[in-house]
Amino acid sequence: MSVFAHAAFLRAAGRGSDLPPPGPPEIAFAGRSNVGKSRAINALAGRRALARTSKTPGRTQTINFYALGDAARLVDLPGYGYARVPRALRMQWRELVGAYLGAAKTLVGVVLLMDSRHPLTSLDEQLIDWLGEARLLVLLTKADKLSRSAQQQVLAQVSQRLRRHQVTLFSSVTRQGVDECRDLLGEWLRSGRENKKPPVKGI
């Protein structure tokens, strides 16, 4: 049975002081507002409403932690890039995410989600640069909204730009890429449990 089958909501952190103490290996999910982070987590866990979804961009204002039993955690970071969110709130989110990444001692990788119709925005590029040598998986979400030829075109484009990282087409609707993503993240978590030094460095 997949470790993701044991997923359960653990905690929501709205301030750095709310972050849980270090525990098992963690994988963080990052991306623009409304890119599909919560839907991806639900798809990986095989659940409909583990992570709350919303059609309103910028709805998630906290870092949400999900426990995979005692073996691992998934971390849903607030989305970025939604202009209608007040500047003060955007700055608060940035500080919160920075506090998490700066203190994440057991983070084994980051899943960066991009809308397959609008990949590699300037904010996506900034986050990639900021993460440095972090282990990164890029999911091109909402792939079901593209034709097969358009999917292959955007996959080739992003893969060419991000040669050091794995890039995968993903759809929570058709489940395209879900099994492959689950298998890869399972390997990351296993390596994190076996190694005292997590693969993510320099964050």
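Strand β4 is largely enclosed by the rest of the structure, because five of its five residues are buried; buried here means under 20% relative accessible area, exposed over 50%, and partly exposed in between, with a 1.4 Å probe and protein chains only. The model is a predicted one, so local features need pLDDT of at least 70 and side-chain atom pairs count only at pLDDT 80 or more, while totals for chains, interfaces and linings use all residues. Residues are numbered from 1 along each chain as its sequence is written, and side-chain values use heavy atoms, with hydrogens and water left out. Helices (H or I, at least four residues) and strands (E, at least two) are DSSP runs, numbered from the N terminus.

On one side, β4 (residues 72-76) is joined to β3 by five bridges, and the two strands run antiparallel; phenylalanine 65 stands opposite valine 75 of β4. Three residues separate the strands in the hairpin of β3 and β4, where glycine 69 takes a positive phi near 60 degrees.

Seven strands form an open sheet of mixed pairing, in the order β1-β3-β4-β2-β5-β6-β7, where two strands pair if DSSP finds at least two bridges between them. At the edges stand β1 (7-13) and β7, each with a single partner strand, so one side of each is left without a neighbour in the sheet. From one strand to the next, the twist averages 25 degrees. Helix α3 packs on the sheet and touches β2, β5 and β6, its direction making about 165 degrees with that of β5. Helix α4 lies across β6 and β7 and runs at about 165 degrees to β7. Axes are lines fitted to C-alpha atoms, for helices over the stretch in contact, and angles run from 0 to 180 degrees between N-to-C directions; contact means heavy atoms within 4.5 Å.

The interior comes next. In soluble globular proteins, nonpolar side chains tend to be buried together. A nonpolar core is a set of buried Ala, Val, Leu, Ile, Met, Phe, Trp, Tyr and Cys residues joined through side-chain atoms within 4.5 Å. The largest such core holds 33 residues, of which Ile63, Tyr100 and Leu140 touch the most other members. Two or more residues each are given to this core by β2 (26-31), β3 (63-68), α2 (87-103), β5 (107-115), α3, β6 (136-141), α4 and β7 (166-169). A second, separate core of 29 residues includes Phe29, Ala40, Leu113 and Leu184. Histidine 165 sits in the loop between α4 and β7 and is buried, with a relative accessible area of 13%. Beyond residues up to four places away in sequence, histidine 165 touches Ala134 and Leu136. The side chain of histidine 165 also makes a polar contact with that of arginine 164, at 3.5 Å; a polar contact is a pair of N or O atoms within 3.5 Å, where within protein one must be able to donate a hydrogen and the other to accept it, and residues adjacent in sequence count only if both atoms are side-chain atoms.

Charged pairs complete the description. Six salt bridges are found in a search of the whole structure, a salt bridge being a side-chain nitrogen of Lys or Arg within 4 Å of a carboxyl oxygen of Asp or Glu. In one of them, arginine 161 and glutamate 125 meet through their side chains at 2.5 Å, N to O. Arginine 161 lies in helix α4 (residues 148-161) and glutamate 125 in helix α3 (residues 122-131), so the pair ties together parts that are 36 residues apart in sequence. Arginine 161 is partly exposed, at 37% relative accessible area. Arginine 117 forms a salt bridge with aspartate 115, with the closest N and O atoms 2.8 Å apart; arginine 117 is partly exposed at 37%, whereas aspartate 115 is buried at 13%. Arginine 15 and aspartate 18 also meet in a salt bridge, at 3.6 Å from N to O.
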